[in-house]
Structure formats: C-alpha cells, structure tokens
Amino acid sequence: MNIDDKKAFRKTMLVKRDAIPYENRIEADKARNECIRNWDVYKEAELLLFYVSYRSEADTQQLMKEALEAGRNVAVPKVVGSDMVFYRITYMDQLVEGYKGILEPDVERCEAVTETRGADDLHTQLPVGLAFPLRTLLFVPGCAFDEKGGRMGYGGGFYDRFMEQYPDVLKVALAYEAQLVEEVPREAHDKPVDVIITEARMIQTVHGV
C-alpha cells in the first residue's frame, strides 16, 4: 500500500469512527471501561500513561478521573517537537488546551515522567519524577487496529516513536469494534500493540504477554 492509499484508508476509518452514533459510543465506552476496571493487570499497574480522549476517540477521561480520585499515578502526554513527554497529573484541572486543541498537561503545575529522544533537544534534561516501574500501562489511541496488534495512528508518528523509546511498557489500544479490520497496512516504523480492548472483548495480540 503506497502513501496515498494509506492516507485514504486512514480517512475512511476516521469517517467510520465519527459515524458511530453518540449514544452508541457512550454505551460502548461504559462497557469497555468496566472491562478495564475488572482487569487485574490494570488494577495492579503502578503507572498509567493515558492519552486524553478527543472527539470520537475511545473515551479515557472517565477512567482518568477515577484513577486520580483513587490516588493512582496518572500521566498524560504533551507534544514537544516531534516527540511526546508524559507529565504526571493529580487533578483533571491541570489539563489545558494544547496540540491541535487536545487537552495537555499544564507543565507549570505538573512533573515530567518521560523525556524526549534528541540529544540536541532543550527538553532532554527534563527531570524524571517517577522511575518507570515494571507495571506501566500505555493506553494508545488510533483510527484502526487488527487482531495481530497492527495499529494505524493519525500520521504524526508520536506514539510509534514513544513505543520505540519505551519498549517495555504494556501497550494497550482502546477502540470500538467498528475500528477493527482484517489487516492494518503497516510499515517498518509502525509499532504494534500488545492488547486491544473494545466494548465487546479484550484481544491479546501476538505481541502481547
């Protein structure tokens, strides 16, 4: 699949996700979140790296609120150049509008828990507030997934680069059943996920544990 075909596939899948009726998305989010709450791996995780759901993405904000209220370690990403830096938050009101209108951490009130890659990047010396524990979950958004762990993101490569930098975190994709396809077109730099959770099931991919 060439780059134009890949862009067309991405656009088709985003239109398909956007077309899921709002009421159906709400019910699907409830079912998925209940599955996650009952998942022992989630309950035992020491650090939760959430994306902040935007528009028609699988919701994360309810789980984030619950995790924060329970005093768990929650971090969310901020785009810095071509990378993402995750910052630990303790309250939802520490989120402000950022990259492309997505909510990001207010860096004046939060603590960085990851770093960027580039040696010349001004942010490479950010303090790591939390050592990455073994039980760290990275929740990953996307527009399409397959049962082998294939994922198509939005074209920016932020999560692919992050997963390359932090390969030991458990990579968990949150999705709607409508986002699952037989095979996601992938290139060498496209990183797979370990687990996919939809409103109907949890899929342990061939890359999972």
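Visitor: Which loop is Thr198 found in?
Guide: Keep in mind that this is a predicted model. Strand S11 covers 195–197 and strand S12 covers 202–204. Thr198 is found in the loop between strand S11 and strand S12.

Visitor: Is Thr198 buried or exposed?
Guide: The cut-off for buried is under 20% relative accessible area. Thr198 comes out at 1%, so Thr198 is buried.

Visitor: Which side chain does the side chain of Thr198 join in a polar contact of 2.7 Å?
Guide: Leave aside the neighbours within four places in sequence, and Thr198 is in contact with Arg32, Ala175, Tyr176, Glu177 and Leu180. The polar contact of 2.7 Å joins the side chain of Thr198 to that of Glu177.

Visitor: What about Lys148, is that one buried or exposed?
Guide: Lys148 sits in the loop between strand S8 (144–145) and strand S9 (151–152). Exposed takes over 50% relative accessible area. Lys148 has 53%, so the word for Lys148 is exposed.

Visitor: How far apart are the C-alpha atoms of Lys148 and Ile203?
Guide: Along the chain, Lys148 and Ile203 are 55 residues apart. Beyond its neighbours within four places in sequence, Lys148 is in contact with Thr205, Val206 and His207. As for the C-alpha atoms of Lys148 and Ile203, their separation is 9.0 Å.

Visitor: Which element gives the most to the lining of the largest pocket?
Guide: That pocket has a volume of about 910 Å³. Its lining has 34 residues, and the closest to its centre are Tyr99, Ile102, Tyr154, Gly155 and Gly156. Helix H1 (3–18), strand S2 (74–80), strand S5 (103–105), S9 and helix H5 (158–165) each supply at least two lining residues. With 6 residues, the one that gives the most is H1.

Visitor: And how many residues of the lining of the second largest pocket are charged?
Guide: The second largest pocket has a volume of about 240 Å³. There are 13 lining residues, and the closest to the centre are Tyr22, Arg25, Ile26, Asp29 and Asp59. Helix H2 (residues 22–37) gives the most to this lining, with 7 residues. The lining divides into 3 nonpolar and 3 polar residues, and the charged ones number 7.

Visitor: Last one: how many disulfides does the count come to?
Guide: Cys110 is buried at 14% relative accessibility, and Cys143 is buried at 0%. A disulfide needs a pair of cysteine sulfur atoms within 2.5 Å. By that rule, the number of disulfides is 0.

How values were computed
Residues numbered from 1 in each chain as written. Predicted model: local features only at pLDDT ≥ 70, side-chain atom pairs only at ≥ 80, totals over all residues. Heavy atoms only, no water. Buried < 20%, exposed > 50% of the residue type's maximum accessible area, 1.4 Å probe, protein only. Helix = DSSP H or I, 4+ residues; strand = E, 2+ residues; numbered from the N terminus. Contact = heavy atoms within 4.5 Å. Polar contact = N/O pair within 3.5 Å; in protein donor to acceptor, adjacent residues only side chain to side chain. 1 Å grid on protein atoms, 1.4 Å probe; cavity = no way out; pocket = protein on both sides within 12 Å on 5 of 7 lines; lining within 4 Å. Points joined across faces, edges and corners; volume = space filled by probe spheres on them. Nonpolar A, V, L, I, M, F, W, Y, C, P; charged D, E, K, R; others polar.
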